[in-house]
Amino acid sequence: MTLRGTIGPGFYRQAALALLVACVAMVAASILLARLSLDAKALKLSLQVSVAVAVGALFLAGLFIRRISDDRRQIAESEQRFRRAMEDSAIGIAVVGLDGRIIEANPAFAAMLGYSREEIEALTFFQITHPDDLQIGRETMDGLKAGTVHAFQFEKRYLKKDGTPIWAHLAGSVIRDETSGRPLYLVSQIEDIDARKQAEVRIAEAETRWNFALAGAGQGVWDLDMRKGGTTYSSTWVKMLGYADGELDGDPDHWLTMIHPDDREAVATADRAHLDGNTEFFEAEFRMRHKDGHWVWILDRGKAIERDAAGRLTRAIGSLTDITRRKEAEERLTVSAAMLADEKERLRVTLQSIGDAVICTDAANRVTFMNPVAEKLTGVSGDEALGKTLGHVYWAVDEETGQRIGVARPSIGAAAPSDQNSRAVLIRRDDTRCSIRQVVSPIINERNEFCGLVIVFQDFTDARALQRQLAHAAAHDALTGLANRSSFIRTMEELVDQARKDAAAAGGGRHQFMFIDLDHFKLVNDTGGHAAGDALLKRVAEAVRGVLDPEDIVARLGGDEFAVILKSASTAGAGIAARSIIDAIAGLDFTWDDRPHAIGASIGLTAICADCGEVDEIIARADAACYAAKAAGRGCVSVALDDKINDDRSEPSKPLAAAS
């Protein structure tokens, strides 16, 4: 609001002109009186006229100044009211230029969009409007400029400072120039309606879900309205019983005739109880006859929602659900429960009678059952164990690692097979130990939920000892206790495979292989018999084992043939070790039946590496080198040159003289 807008431009022009004329008249009169020679009476009259004109001019000027002061005060008050309305308004207010620039915004509008006033006044309405709603604002601006729109209101989405959309209702008008009528700017009121819009969306979604839920659940709806003359049924309801839409509408008591005779009285009783106000809802389960004659189990729930002045029912609404499958399942469940009780008793007797120990836990790992065998093996009575955590009763560890095994619940969603372990050790409360074989099986219900564990275990102490004996016998020579041929070959194969895997490393995976053949051993057998030969072989095994490192592998291949795998990759080191073996065997002081016997050994040496071929090739190469050592005079070492490494097939094996 401005001064010119309050008192008008004409008034200003007239007042200014009058003041100017008065001033000019006073000046002219003063000059004229000064030049004219007038008598005293004329001069007095002229002065009176001048004073009157001056007083009139001053009075007019005073009125003019007072009017200006009043107008300024009114403008200030109007401006203050406008400012207070802007500042204190609970809804947003904005003054917007025709180019969309925000000239001024109140705190409520800035806070609505998460900006400060300075930030939002640096933007345009187009920058804070949702892209999908920009056209609404442009159409309004076009109408304002064309003069077809003078006021407006609509709903649209803005964008907050963080980018989230917010719904708002706009109402505003155009401020125009008083003279030309040209639009100057817009004043808009912006109300936050986002909560209402969200509520409308939720209501629509809820209604959609409700309709889908009714259809998906197979629920029909009935509506009894006595003022309209009867009952109407939804499409789902009539299809449930095999009828067409509208075929059952009308008679409010017709549905009772469709109920199974055995259920009719109970349903009528429940209906009367609700009509009399004794129950909040009507609810009943009963059988209704399908149009084709078979019976359908129904769950009927309803409620009286209107009564007349006398308390008589005028309207009720309810739903019907087909529960045939549920009823059939309940009947099967009743039969299954009886069968399950019998089966449970049989299982209890079985578990009490079997020779295996059995412990059951719940999902919290608390013991729920122990049979007598489990009580005996754990040393804990069933009464004491019930309700205790499994670790209080049963503690099994791995025989080799000592780590606890086989009692963890499976992870969610993971497969849950039985966990078998044949090398478990049960540690009792008194710290005694018992080798066991255990099977831990999780209990998973039909909803794939973990319900507990079943642990079945047996005393395996004797069997474990026998297994160890058999395993040792299968891998060791019965006479010398060294590795036998088959286990040695397996070890060789593993080393060759590992050497091939490590072939990328310089010199990686290289070991040395010795083939040892005893010299003059046949003479001992011939003169002293096999007992003497067996005794000597034991001494030889001890001697060979005694000069090697613990990680080296020694085996008896058969008869008087031995083999050694040296973990050293050095050929020179292998030659020294071979020399030590020859010296140890030659130095044996062996006497049988008071007759001394002296034997020696010849050794063939070759490498085990990635390019040495298969195991049988390596053994054959070392065997050939051993034959060369015997041919060179026995009691020495011969190194087989690896033709695959040296690529020189013509060079023979090199014997190392015994003196070396």
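In the predicted model, Ser602 lies in strand β22, which covers residues 600–608. Ser602 is buried, and its relative accessible area is 0%. The side chain of Ser602 makes a polar contact with the side chain of Asp519, at 3.0 Å. Asp519 is also listed among the residues that Ser602 touches, once those up to four places away in sequence are set aside. That set includes Phe515, Ile516 and Asp517.

Two cavities of 30 Å³ or more were found. The largest cavity has a volume of about 150 Å³. Its lining comprises 14 residues. Nearest the centre of the largest cavity lie Phe125, Gly137, Met141, Lys156 and Leu170. Three elements, α6 (134–146), β3 (151–159) and β5 (183–192), each give two or more residues to this lining. Helix α6 gives the most, with four residues. By class, the lining of the largest cavity holds nine nonpolar residues, four polar residues and one charged residue.

The second largest cavity contains about 30 Å³ of space. Leu536 lines this cavity, as do Ile585, Ala586, Leu588 and Phe590. His597, Ala598 and Ile599 complete the lining. Seven of the lining residues of the second largest cavity are nonpolar and one is polar. No charged residue is present in that lining.

Strand β8 (residues 282–289) shows an alternating pattern of side chains. Phe282, Ala284, Phe286 and Met288 point to one face, and these residues are buried. Strand β8 pairs with strand β9 (residues 295–307). The pairing is antiparallel and runs over eight bridges.

Technical notes. Residues numbered from 1 in each chain as written. Predicted model: local features only at pLDDT ≥ 70, side-chain atom pairs only at ≥ 80, totals over all residues. Heavy atoms only, no water. Buried < 20%, exposed > 50% of the residue type's maximum accessible area, 1.4 Å probe, protein only. Polar contact = N/O pair within 3.5 Å; in protein donor to acceptor, adjacent residues only side chain to side chain. Contact = heavy atoms within 4.5 Å. 1 Å grid on protein atoms, 1.4 Å probe; cavity = no way out; pocket = protein on both sides within 12 Å on 5 of 7 lines; lining within 4 Å. Points joined across faces, edges and corners; volume = space filled by probe spheres on them. Nonpolar A, V, L, I, M, F, W, Y, C, P; charged D, E, K, R; others polar. Pairing = 2+ DSSP bridges.
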